[in-house]
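Welcome! Below is a short tour of one protein, written for someone meeting it today. Take a moment to look around before reading on.

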Amino acid sequence: MTYPPKQHQDDNINHLVEVIKTYPLATVISVKDNLPLITHLPLIYETEKLIGHIDINNPHAELLKNNNNVTLIFGGPECYISPSIYATTQLPTWNYIKVHLKGRVKAIESKAALKQSLITMTEFLEAPDHKYVLEAENPRLDANLKYIEMFEISITNWEGKFKLSQDKKPSDTIAAREELLRANKESIKSFLDKVF
């Protein structure tokens, strides 16, 4: 996406934020000794920042501090689009939603902030039903704080990749949206039946 006028830019960033809030599991990429280090972590968006937590024994933890650069990928729904769903003649394609971010990461040393952040993240991830509440007095929470590090990423670059048949006629775009919904529901069930 390109961002010309400010209002258009704000609308586009709002769409990217919605992807992050709906699909918070990020692919976190750092570079050490010219090699990529990749970890998958849920991150919570807070006004131009992302908040996360990592196990201190994860080799990636040492890079998630000191204003180091980090690249993030968030993925939304995706699927193959068969020409058979269109009203007009088309070729096969793949529709997807991705968000690529770059930022600088710093460690948050406060164990009180870490504890509150874990409670807040749990509350966010439990929405909208909130069937579980992580209580501040939970002894398991306190016992595990020494094994977790908190970090904050200041976002320096946003890029959205929305390939959703938006270059097609309106009826074909609607058909592609319906196929994205149908295929994701069906493929998730089929996949889980095989592996889980």
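## A first stop: Leu72

Leaving aside its neighbours within four places in sequence, which residues is Leu72 in contact with? In this predicted model, the partners of Leu72 are Thr27, Val28, Leu43, Leu50, Val99, His100, Leu101 and Ile153.

## The overall picture

Now step back to the whole chain. The protein has 4 helices and 7 strands, and along the sequence they come in the order α-β-β-β-β-β-β-α-α-β-α. The C-alpha trace spans about 60 × 40 × 35 Å along its principal axes.

Contacts across the sequence are well represented here: among contacts with a separation of 6 or more, 70% are between residues 24 or more positions apart. Of the 196 residues, 34% count as buried. The protein exposes about 12300 Å², and 56% of that comes from carbon and sulfur atoms. As for charge, there are 23 positive and 25 negative charges, whose mean positions lie 4 Å apart.

## Helix α2 and its neighbours

Helix α2 covers residues 111-126, which makes 16 residues. From its first C-alpha to its last it reaches 22 Å, close to the 22 Å expected at 1.5 Å a residue. Its buried residues are Leu114, Lys115, Ser117, Leu118, Ile119, Met121 and Thr122.

What do the buried residues of α2 pack against? Their partners are β2 (35-42), β3 (44-46), β4, α3 (139-144) and β7.

Most residues other than glycine have a negative phi, and most peptide bonds are trans. A cis peptide bond joins Ala127 and Pro128, with omega at about 5 degrees. Pro128 sits in the loop between α2 and α3.

Thr47 and Ser165 are not glycines, yet phi is positive for Thr47, at about 30 degrees, and for Ser165, at about 55 degrees. Are they buried or exposed? Thr47, in the loop between β3 and β4, counts as exposed because its relative accessibility is 64%, over the 50% cut-off. Ser165, in the loop between β7 and α4 (170-195), counts as buried because its relative accessibility is 4%, under the 20% cut-off.

## A last stop: Ala183

To finish, look for Ala183 in helix α4. Ala183 is buried, with a relative accessible area of 12%. How many residues apart in sequence are Ala183 and Glu78? The answer is 105, while in space they are 8.6 Å apart, C-alpha to C-alpha.

Key: Residues are numbered from 1 along each chain as its sequence is written. This is a predicted model: local features need pLDDT of at least 70, side-chain atom pairs count only at pLDDT 80 or more; totals for chains, interfaces and linings use all residues. Side-chain values use heavy atoms; hydrogens and water are left out. Helices (H or I, at least four residues) and strands (E, at least two) are DSSP runs, numbered from the N terminus. Buried means under 20% relative accessible area, exposed over 50%, partly exposed in between (1.4 Å probe, protein chains only). Contact means heavy atoms within 4.5 Å. Accessible areas come from the Shrake-Rupley method with a 1.4 Å probe; for residues, only the protein chains shown count as cover. Lys and Arg count as positive and Asp and Glu as negative; His and the chain ends are not counted. The place of a charge is taken as NZ of Lys, CZ of Arg, CG of Asp or CD of Glu. The expected span of a helix is 1.5 Å times one less than its number of residues.
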